[in-house]
Amino acid sequence: MNIIEASALGKRYGSTWALRECTLAIPEGRVAALVGPNGAGKTTLLNLAVGLTDPTAGSVAVLGGTRPGSPAALDGIAFVAQDVPLYKNLSVADMLHLTRNLNRHFDQGYAEARLGELGIPLKRKAGKLSGGQQAQVALSLALARRPRLLVLDEPMAMLDPLARHDFMAKVMTAMVDDGVSVVLSSHVLAELERVADYLILLSGGSVQMAGEVDDLLACHRVLTGPAAEADRCTERLGVVHAWRAEAQVHLLIRTNGSADPVPPGWEEHPVSLEELTLAYLREPWAAALPGPARRRDTEVSEVTK
Amino acid sequence: MTTLTVHVRPEEDASRRLVPWRRMAWVTWRQHRFALAGVAVALGALAVYVWIVGLQLHHAYAAATTCNPASSACADLITHFNFMNHVLQGGYALQPVPALIGAFIGAPAVARELETGTFRYAWTQGFGRWRWTLAKLVMLAVVVTAAAGVISVLLSWYYQPYLGTGNQSLSLSEASPFSPALFDLRVVAFAASTLVAFAIGALAGLLIRRVVPAIVATLAVYTGLALVTANVLRQHYLTPLLTTKVNVPGSAWIYRQWWTKGGQFAFSGWRDAPPDLVQRCAAIPVGPLGKPSQATLGQCFAQHGYTQLTSYQPASRFWAFQWIEGGWLLALSLLLIAVTVWVVRRRAV
């Protein structure tokens, strides 16, 4: 089942397309990371998925074919928006009570236990908590709803490195313990490397790259060799991006699974997720969808039946 | 690339999945208790003030109507009543009350969520965005309308002495129940005005998305609506009555008076009377001010074949007018709330 499916999805604000021709399918049971430069359409895509806005073009479905914003979708999806909107004048206990009243399922014991572990006092006003604590409260509220899908928009923006680590640890625990699917957008590439197993790279409002992290890493390589020979290699190989460093050049190449022999005098390394993402971010026109995109299309046609 | 068709499953057993409406009661109370408490304190203070000065007014009225008209003490009592409490007299000071309640409860209801970004929390919970909006607006609307209704009963009691039909003959201040500022303060119209101000506030807040500008817009729009209602619309609720009686009671709402002769329009007011007629009638006995009173002048005009016509609304139509005004304001309020909910549902914001 696909937790989010979008088909030619587009959203226009005034005359600007925030998201355009976005087609993707995020499988269930993943931690899917949505990355991209500012204004790439990450928040727009997430808002469409949680039903906060309606598409201008195309369509989007969640939880295996449910319309976003429908009662079933609202019931199964918990969303933590950017900048963690909590009612600043309500206490943490009131926020728990509020969320319990607004949802069919709410695990009060779980939420209280989590906040207790984190040392967040229930009587404190939400506005008086630190940014990290507010993010943890919002995450606790979201997880206590026992959602099937947890959507986090820039959850780590307000957090220091230690709080980021703790936050993602909690997300991962929930994912493993409760089988929650997670879709999160983030700028913090280093943090994603440890947690994400599905990656969607948005650029200029459309999908530039999407796929399982392992597949994406498996079909890309970094070649290091003499700068003088770079152009010759570029012609022969699918080079996504080249980093030049004095006499040496590093080429990120797409192998598409075929084991091309390494040219003499060159060295081959596996690529890290951060390197891969940065290379694609620097090359917004780099051929959009690598190998896994084709496989995704076959999945999609199964859905269509 | 193959086109992906996303199958949207019909929402099966959707009704069973809904969070019960009553859950919003606690939510609404928790989020608006300070605003509601503020309105309760303000209205409570107003009620205590009206009650205290109202008792004084009623005592003064009772004293002025029961004294011996010939005594000089009685003249003092009448003057005392006529010059009591300039703040509340005429009802103008209380005109902004519905607008203020509406602006301070209605405008922030949705605008605060949009301004602080908390709508992204509230509208993604299981309760659902349009149900959240509808439940919250209906609950707040009922509370503010009921509070306004209670206050308006007290205000009706306060202004009762001014509406006594025999006041004029005793030289006491007398007001028509239709006088624009008093009509607004009585039961049905006052509650309905408060409700419509609230509904204007809710929609303005949704469209403007900022609390303070929404409050300002609400006050402006409500003021415009109240002025148009009082000055343009209200006189058309019912067809006025026409009478040839010279003495139309002071409690009536007089639209227009004019004179006819032989079924033809002659002139409109006393000042427009033909000079020869005035001259002929000037000889008749004069009143205490050295001029003929309007009544004697009118009799003289009548003797010369002129008939005075008056179009007016009798005081007995007061409640009909209240219900007509209350009815269309209620309908307008429901429409505004429905539009607000519809805009939220359409995700047009």
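Student: What makes the crossing of α4(A) and α5(A) right-handed or left-handed?

Tutor: The crossing of α4(A) and α5(A) is right-handed. A crossing is right-handed if the near helix is turned clockwise from the far one by less than a right angle, and left-handed if anticlockwise. The model is predicted, local features need pLDDT of at least 70, side-chain atom pairs count only at pLDDT 80 or more, and totals for chains, interfaces and linings use all residues. Residues are numbered from 1 along each chain as its sequence is written, while chains are lettered from A and ligands numbered from 1 in the order in which they are written.

Student: Why is α4(A) called roughly antiparallel to α5(A)?

Tutor: Helix α4 (residues 108-117) and helix α5 (residues 131-144) of chain A pack at an angle of about 155 degrees, with their axes 9 Å apart. Angles over 145 degrees count as roughly antiparallel, under 35 as roughly parallel, 65 to 115 as roughly perpendicular and the rest as oblique. Therefore α4(A) is roughly antiparallel to α5(A).

Student: Which residues of α4(A) and α5(A) meet?

Tutor: Tyr110(A), Ala111(A), Arg114(A) and Leu115(A) of α4(A) meet Val137(A), Ser140(A), Leu141(A) and Ala144(A) of α5(A). Contact requires C-beta atoms, placed from the backbone, to lie within 7 Å. By class, six residues in this contact are nonpolar, one is polar and one is charged. Here Ala, Val, Leu, Ile, Met, Phe, Trp, Tyr, Cys and Pro count as nonpolar, Asp, Glu, Lys and Arg as charged, and the others, Gly among them, as polar.

Student: What makes β11 and β13 of chain A edge strands?

Tutor: They belong to an open sheet of four strands with the order β11-β12-β10-β13 (chain A) and antiparallel pairing. β11 (238-245) and β13 (267-270) each pair on one side only.

Student: How do you know that β10 and β12 of chain A pair?

Tutor: Two strands pair if DSSP finds at least two bridges between them. Strand β10 (residues 220-226) and strand β12 (residues 248-254) of chain A have seven bridges, in the antiparallel sense, so they count as paired. Within β12(A), Gln248(A) is the bridge partner of Pro226(A).

Student: Where do the domains of chain A lie?

Tutor: The domain assignment gives domain 1 (2-212) and domain 2 (220-289) of chain A; such bounds come from an automatic or database assignment. Their C-alpha centres lie 34 Å apart, and 13 residues of domain 1 of chain A are in contact with nine of domain 2 of chain A.

Technical notes
Contact = placed C-beta atoms within 7 Å. Axes fitted to C-alpha atoms, helices over the stretch in contact; angles between N-to-C directions. Helix = DSSP H or I, 4+ residues; strand = E, 2+ residues; numbered from the N terminus.
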